[in-house]
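Dear colleague,

A short account of what was found in it comes after.

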Amino acid sequence: MKQLNVRLGEGGVDIDISFNLPRFVAQNLERCLLDASGALGVEWKWNDLFWAVHPGSRGILDRVESALGLEPRKLASSRTVVRDYGNMLSATVIFVLEELRRRMDEEGDEAAEWGMMVGFGPGFTVETMVLHATKY
């Protein structure tokens, strides 16, 4: 079953997202995150991290938040970007990082030091990365 189909045509990019995709993400994301963080030999509580999640859709963000037990503010940057710009494919996560940086500047010393970046792509692929925010 295709979860995500992206086509480039004369009118631009067409994206078809399966109705089951948000559930599929929720069922499989934690394993990807554990693999990424486990390689570093660390275990975190998900709410102790900052989050840069590619907002494929509001439904995906809702399911990610629920599956990981995240506080609503943890995905605020992703929600702002999807609300203001929609899904811009790969570039979307760069907009999320910028929004996250802006919010972390406002939080100052209260901002989390470690975080996770999650990207979603065609087929359906999940890319995860552990991030470290340095204080300057």
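This is a predicted model: local features need pLDDT of at least 70, side-chain atom pairs count only at pLDDT 80 or more; totals for chains, interfaces and linings use all residues.

Residues are numbered from 1 along each chain as its sequence is written, and side-chain values use heavy atoms, with hydrogens and water left out.

An open sheet is formed by 3 strands in the order 3-4-5, with mixed pairing. Its edge strands are strand 3 and strand 5 (125-132), each of which pairs on one side only. On average, and with direction ignored, neighbouring strands of this sheet are turned by 15° against each other. Helices (H or I, at least four residues) and strands (E, at least two) are DSSP runs, numbered from the N terminus; two strands pair if DSSP finds at least two bridges between them.

Strand 3 and strand 4 (residues 114-121) run parallel and are joined by 4 bridges. Phe50 stands opposite Gly115 in strand 4. Helix 4 packs on the sheet and touches strand 3, strand 4 and strand 5, a contact being heavy atoms within 4.5 Å. The direction of helix 4 makes about 155° with that of strand 3; axes are lines fitted to C-alpha atoms, for helices over the stretch in contact, and angles run from 0 to 180 degrees between N-to-C directions.

His54 is found in the loop between strand 3 (50-53) and helix 2 (58-68). With a relative accessible area of 5%, His54 is buried (buried means under 20%, exposed over 50%, partly exposed in between; 1.4 Å probe, protein chains only). Not counting residues up to four places away in sequence, His54 touches residues including Asn87, Leu89, Val118 and Phe120.

Leu89 itself lies in the loop between helix 3 (76-85) and helix 4 (92-107). Leu89 counts as partly exposed because its relative accessibility is 30%. Its phi is near 60°, a positive value in a residue other than glycine. Most residues other than glycine have a negative phi.

**Lys74**

Lys74 is placed in the loop between helix 2 and helix 3. Lys74 is buried yet has no salt bridge (a side-chain nitrogen of Lys or Arg within 4 Å of a carboxyl oxygen of Asp or Glu). The nearest side chain of opposite charge, Glu71, is 5.0 Å away; Lys and Arg count as positive and Asp and Glu as negative, with His and the chain ends not counted. The Lys74 side chain does reach the backbone oxygen of Asn47, at 2.8 Å.

With kind regards

Definitions and conventions. A polar contact is a pair of N or O atoms within 3.5 Å; within protein, one must be able to donate a hydrogen and the other to accept it, and residues adjacent in sequence count only if both atoms are side-chain atoms.
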